[in-house]
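Visitor: I have a model open here and would like to talk through how its parts pack. Could you take me through it step by step?

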Amino acid sequence: AASINDSYDAKEAKVERSATEWQSSTLNPRDYGTKYEAQNVVEAKSVGTKLIKKAIKIVLKNHKKAVPIIEELGGKRAAKAFSKHFNKVSPQLKALLKWSDIPYQAVHDAVYRGLINAGVSRATATKAAHALKEGISWLL
C-alpha cells in the first residue's frame, strides 16, 4: 500500500514539473481571452492593440529607448536588469506580436517571465514589468 508520503512526493514532483514548463514556455493567448492571429486573414483590431504592437516593435528594435522609461517608473535596478537580460525578454515580447488582441497585462507578464527566467529577483522583475506596461499605456 502506498503511504501518504508517496502521494505527497508525486504531487510535489508534478508541481515542480509544471513550474518548469511555465518558465520555459511563452504566454498562452487563451489565458488572456484572445487568440493567435490567423495567417492571411485581415481582422479588425482595436486601436489599443495596434498601438501596443507598435510599442513592442519599437522596444524590440531598440530596447535602449525603453530603459529611461523603466528607470523613471521602476528605478535604476529594474532598468539595469531589463537592459542586461533583454535577450530573455525579447522572445516573450515577440510572441505577443502573433496575438490578435494584446491586453496590457500580457506585456507585464511577458517582461516578468523573461526576467524571472534570467534569474532576476521577483521584486526587480515586477518593477521592470510594471514600468514597461505603464510606459506603453502612456502612448494611449
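Guide: Let me start with a term: a residue counts as buried when its relative accessible area is under 20%, and as exposed when that area is over 50%. With that cut-off, buried residues make up 36% of the 140 residues in the chain of this predicted model.

Visitor: What does the secondary structure of the chain come to?

Guide: The chain has seven helices and zero strands, so that, in keeping with how such runs are assigned, the order from the N terminus reads α-α-α-α-α-α-α.

Visitor: And where is confidence lowest, and where highest?

Guide: Helix α1, residues 4-24, is where confidence is lowest, with a mean of 48, whereas α4 has the highest, at 97. Over residues 7-22 the pLDDT stays under 50, and for that stretch the model has two contacts beyond four places in sequence. For the chain, the average pLDDT is 80, and 74% of the residues score at least 70.

Visitor: Let's go to α4, then. At what angle do α3 and α4 pack?

Guide: Helix α3, residues 67-74, and helix α4, residues 76-84, pack at an angle of about 150°, and their axes are 7 Å apart. The two helices are therefore roughly antiparallel to each other, and their crossing is right-handed.

Visitor: Which residues make that contact?

Guide: From α3 the contact uses Val67, Ile70, Glu71 and Gly74, and from α4 it uses Lys76, Ala78, Ala79, Phe82 and Ser83. Sorted by class, the contact of α3 with α4 has five nonpolar, two polar and two charged residues.

Visitor: How do the axes of α4 and α7 cross?

Guide: The axes of α4 and helix α7, which spans residues 122-138, come within 8 Å and cross at roughly 85°. That is why α4 and α7 are described as roughly perpendicular to each other. In this contact Arg77, Ala78, Ala81 and Phe82 of α4 meet Thr124, Lys127, Ala128 and Leu132 of α7, and by class these residues divide into five nonpolar, one polar and two charged.

Visitor: You mentioned Ala81; is that residue buried or exposed?

Guide: Ala81, whose place is in helix α4, is buried, with a relative accessible area of 10%. Leaving aside residues up to four places away in sequence, Ala81 touches Leu115, Val120 and Thr124. For Thr124, which lies 43 residues from Ala81 along the chain, the separation of the C-alpha atoms is 7.5 Å.

Visitor: What about Lys80, buried or exposed?

Guide: Lys80, also found in helix α4, is exposed, with a relative accessible area of 62%.

Visitor: Changing topic: which residues are buried in α5?

Guide: In helix α5, residues 86-96, the buried residues are Phe86, Val89, Ser90, Gln92, Leu93, Ala95 and Leu96.

Visitor: And what covers them?

Guide: The cover over the buried residues of α5 includes α2 (residues 47-61), α4 and α6 (residues 104-117).

Visitor: One last thing, on the chain: how much do residues 24 or more positions apart account for among the contacts with a separation of 6 or more?

Guide: In the chain, residues 24 or more positions apart account for 69% of the contacts that have a separation of 6 or more.

Conventions:
Residues are numbered from 1 along each chain as its sequence is written. This is a predicted model: local features need pLDDT of at least 70, side-chain atom pairs count only at pLDDT 80 or more; totals for chains, interfaces and linings use all residues. Side-chain values use heavy atoms; hydrogens and water are left out. Axes are lines fitted to C-alpha atoms, for helices over the stretch in contact, and angles run from 0 to 180 degrees between N-to-C directions. Helices (H or I, at least four residues) and strands (E, at least two) are DSSP runs, numbered from the N terminus. Angles under 35 degrees count as roughly parallel, over 145 as roughly antiparallel, 65 to 115 as roughly perpendicular and the rest as oblique. A crossing is left-handed if the near helix is turned anticlockwise from the far one by less than a right angle, and right-handed if clockwise. Contact means heavy atoms within 4.5 Å. Ala, Val, Leu, Ile, Met, Phe, Trp, Tyr, Cys and Pro count as nonpolar, Asp, Glu, Lys and Arg as charged, and the others, Gly among them, as polar. pLDDT is the predictor's confidence in each residue, from 0 to 100. Buried means under 20% relative accessible area, exposed over 50%, partly exposed in between (1.4 Å probe, protein chains only).
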